[in-house]
Amino acid sequence: MTGHASTPTNGAPVRLHLLGGFRLLHGDTPVVVPRGLQRVIALIGLRPGATRSNLAGLLWPEVPEERALSSLRTALWRLRQDPCCPLLVSGDTVRLDPAVRLDVDDLVATAARVRDGGDPRAAADALAAGSRDLLPGWYDDWVLLDRERLRQLRLHMLEQLAVDHLDAGRHGEALQAALEAMAAEPLRETPHRLVVRIHLAEGNAFEAVHAFYVYRDLLMRELRLEPSPAMCALVDETLAPIRQATRRTPAARRHDPAGRRDDEVTAPPPGWTHREPWTDRGAPPARGVR
């Protein structure tokens with residue numbers, strides 16, 4: 001590993017970024033790390049305190065254990081030769097140096113503050129935290145697992161933030177958090193449901209119904225599915241008068257060219273007396289006789 005410039009001072013902050021791609025910084029100086037060693041550092045950051053056997057098995061799953069352990073020993077030796085090494089080795093375990101700040105830890109800590117409530121700074125941090133995927137372009141099994149774990153963590157954090165703002169009557173902030181979650185996963189129903197709830201809480205019936213039908217059309221087009229009963233129930237009360245009026249409308253009203261009311265179309269004119277069509281011409285004709 002080498003820095004682009006001169007070696008940073010010992011007191012410079014060390015930051016490891018895994019969201020949006022691998023970056024190791026000493027102060028503001030990027031540290032160049034070969035791809036093979038990036039995998040070792042990233043896994044150690046995501047598995048704090050993991051044993052050597054565990055790390056070796058995840059990094060080299062297709063080779064015998066002894067060979068995997070040998071590869072890990074070589075990688076750790078190469079990393080520890082560099083003054084920028086961000087790792088601590090203690091017996092059989094390897095972890096990041098406590099001085100290293102990991103962006104994944106920041107996301108997890110922000111989600112915990114949102115869950116616990118009471119920290120006004122958490123709301124601002126939550127909207128920006130974890131907006132990028134973990135190590136995009138990496139397809140190791142352990143990366144895919146943690147990528148999904150962090151994605152779900154962020155989605156639930158944003159939805160919880162939206163609920164908290166909605167309960168407090170902060171509709172604008174609630175809508176912002178819900179839309180952020182919707183952008184992260186457009187087919188997920190929960191943020192769409194929150195958007196409908198927020199519009200209804202503000203008294204914006206049109207916005208609520210529009211948001212519902214936008215999601216319903218998206219879901220039908222992409223997955224051939226309908227929204228859940230819980231989603232439909234949100235707009236049932238708003239749409240009920242419209243649906244009821246539509247059901248009561250008879251065919252005569254829809255097709256009468258004069259535009260008369262239903263009772264004007266169906267009621268007989270004043271003084272009209274019902275008579276069978278043959279009463280003025282004697283008995284009705286026999287069946288089959290013209």
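Predicted model: local features only at pLDDT ≥ 70, side-chain atom pairs only at ≥ 80, totals over all residues.
## Overall make-up

The protein chain contains 12 helices and eight strands. It has 290 residues, and 36% of them count as buried. The accessible surface of the chain is about 17,600 Å². Carbon and sulfur atoms supply 53% of that surface.

Among contacts in the chain with a separation of 6 or more, 58% join residues 24 or more positions apart.

## Helix α4 against helix α6

Two packed helices are described by the angle between their axes and the distance between the axes. Helix α4 spans residues 103-116, and helix α6 spans residues 141-167. They pack at about 30 degrees, with axes 9 Å apart. Because angles under 35 degrees count as roughly parallel, α4 is roughly parallel to α6. The crossing of the two is left-handed.

On the α4 side, V104, L107, V108, T110, A111 and V114 make the contact. On the α6 side, the residues are L150, L153, M157, Q160, L161 and D164. By class, the residues of this contact are nine nonpolar, two polar and one charged.

## Helix α6 against helix α8

Helix α6 also packs with helix α8, residues 189-202. The angle here is about 10 degrees, and the axes lie 11 Å apart. α6 and α8 are therefore roughly parallel to each other.

From α6, the contacting residues are E159, A162, V163 and L166. Their partners in α8 are T190, P191, L194, R197, I198 and A201. The residues of this contact divide into seven nonpolar, one polar and two charged.

Note on methods. Residues numbered from 1 in each chain as written. Heavy atoms only, no water. Axes fitted to C-alpha atoms, helices over the stretch in contact; angles between N-to-C directions. Helix = DSSP H or I, 4+ residues; strand = E, 2+ residues; numbered from the N terminus. Parallel < 35°, antiparallel > 145°, perpendicular 65-115°, else oblique. Left-handed = near helix turned anticlockwise from the far one by under 90°. Contact = heavy atoms within 4.5 Å. Nonpolar A, V, L, I, M, F, W, Y, C, P; charged D, E, K, R; others polar. Buried < 20%, exposed > 50% of the residue type's maximum accessible area, 1.4 Å probe, protein only. Areas by Shrake-Rupley, 256 points an atom, 1.4 Å probe, with all protein chains shown as cover.
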